[in-house]
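Please look over the following notes before setting up any calculation.

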Amino acid sequence: MDLERTLLATMAKTVVATGTSSGLGFEAIKQLLQQSEPYNFILGARDTIKAQDEYDRLDFDQNTHTITVLPLDLLSLSSVQSFAQNVLSRLGVQAIDYLFLCAGMLDSADGPGPNGSPWCSGYVVNHLAQHYLIHVLRDTLSRSQSRIVVVSSGAIRRVRDQNPATLDVDLKANSNAGIRTVYSASKFVQLLGALSWRRELPSCTIIAVSPGLIPSTKLATDLGLSMDMPDAKTIPEGAQNLLRAFTATDLPPDPEQIFLTSWGEWWPKDVYALALDEKLQREWCLTREEIETAEWFA
């Protein structure tokens, strides 16, 4: 039995993830736990005790899968740094097979930024913090030839006035931009990051994926969505859509065609043409040094 466990541990695919304490992220990990292929999950959570308890309640083969929950507050970049360093310390020379960036926040920009940031909380969580996480894990991701799954949204098409210049207004703290405006803008910038990392990490596979319209998540509830809407899907269905990005092999030859839709097709680039501007990507995808030396790094 000990030999069998050792072999399973050696074979296990390591998944590092954000946003898996509830909703779509939790359901996606739950579905992976029902598979016979062994996984080693390292999950970031603000409330580690609650998250660990939720996973402990699940019925899964603990001889096949392992779950480690580590502290992570995406509103604090120093917390992101600590989480990443903790992950690297635990893994040693082991690979990261999947980086699953599932965390998302729905918030208006009618107040101060977190920890003195000039940016609103929605931008920090939906883009900046997870972009920084990739920076800190970069060498291991590159060496591991990891698959990076970025949970995106059709909201990327709704940048205000279809003008990227509005991003620098709407995503600032105290801009008074509304929930929908901030969410669309921050998810658009997140897609800029995914496209940028496609160039920066050529050994990795980077996929942006939409779960579809999932009214029963907290994010969607706050937007006033309901299951009566056309194409509405349940949380388990949305999680299945996300997991397609883990296994997809029909990757388009064009490196800029990275968006996997909830119906399993690759969006043509003209749908997100605004995001293909490399100058815009460089503007919004800060370097690790730029992030760590900023006065608001906290």
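1. A cavity here is a set of grid points where a 1.4 Å probe fits but cannot get out. The model is predicted.

2. The largest cavity comes to about 100 Å³. Its lining counts 13 residues. Nearest the centre are L101, H131, I134, V150 and Q190. Three elements each supply two or more lining residues: α5 (121-144), β5 (147-151) and α7 (179-200). The top contributor is α5, with 5 residues.

3. What classes of residue make up that lining? It has 7 nonpolar and 6 polar residues, and no charged ones.

4. The second largest cavity has a volume of about 50 Å³. Its lining is formed by L75, L77, P114, N115, S117, V124, L128, W296 and A298. By class these split into 7 nonpolar and 2 polar, again with no charged residue.

5. Now the helix pair. The axes of α5 and α7 are 7 Å apart, and the packing angle is about 15 degrees. Angles under 35 degrees count as roughly parallel, so α5 is roughly parallel to α7. Their crossing is right-handed.

6. Which residues of α5 meet α7? From α5 come G122, Y123, N126, H127, H131, I134, H135 and R138. On the α7 side are V182, Y183, S186, K187, V189, Q190, G193, W197 and E200. This contact holds 6 nonpolar, 8 polar and 3 charged residues.

7. Compare the two lists. H131, I134 and Q190 take part in the contact of α5 with α7, and these residues are also among those nearest the centre of the largest cavity.

Note on methods:
Residues numbered from 1 in each chain as written. Predicted model: local features only at pLDDT ≥ 70, side-chain atom pairs only at ≥ 80, totals over all residues. Heavy atoms only, no water. 1 Å grid on protein atoms, 1.4 Å probe; cavity = no way out; pocket = protein on both sides within 12 Å on 5 of 7 lines; lining within 4 Å. Points joined across faces, edges and corners; volume = space filled by probe spheres on them. Helix = DSSP H or I, 4+ residues; strand = E, 2+ residues; numbered from the N terminus. Nonpolar A, V, L, I, M, F, W, Y, C, P; charged D, E, K, R; others polar. Axes fitted to C-alpha atoms, helices over the stretch in contact; angles between N-to-C directions. Parallel < 35°, antiparallel > 145°, perpendicular 65-115°, else oblique. Left-handed = near helix turned anticlockwise from the far one by under 90°. Contact = heavy atoms within 4.5 Å.
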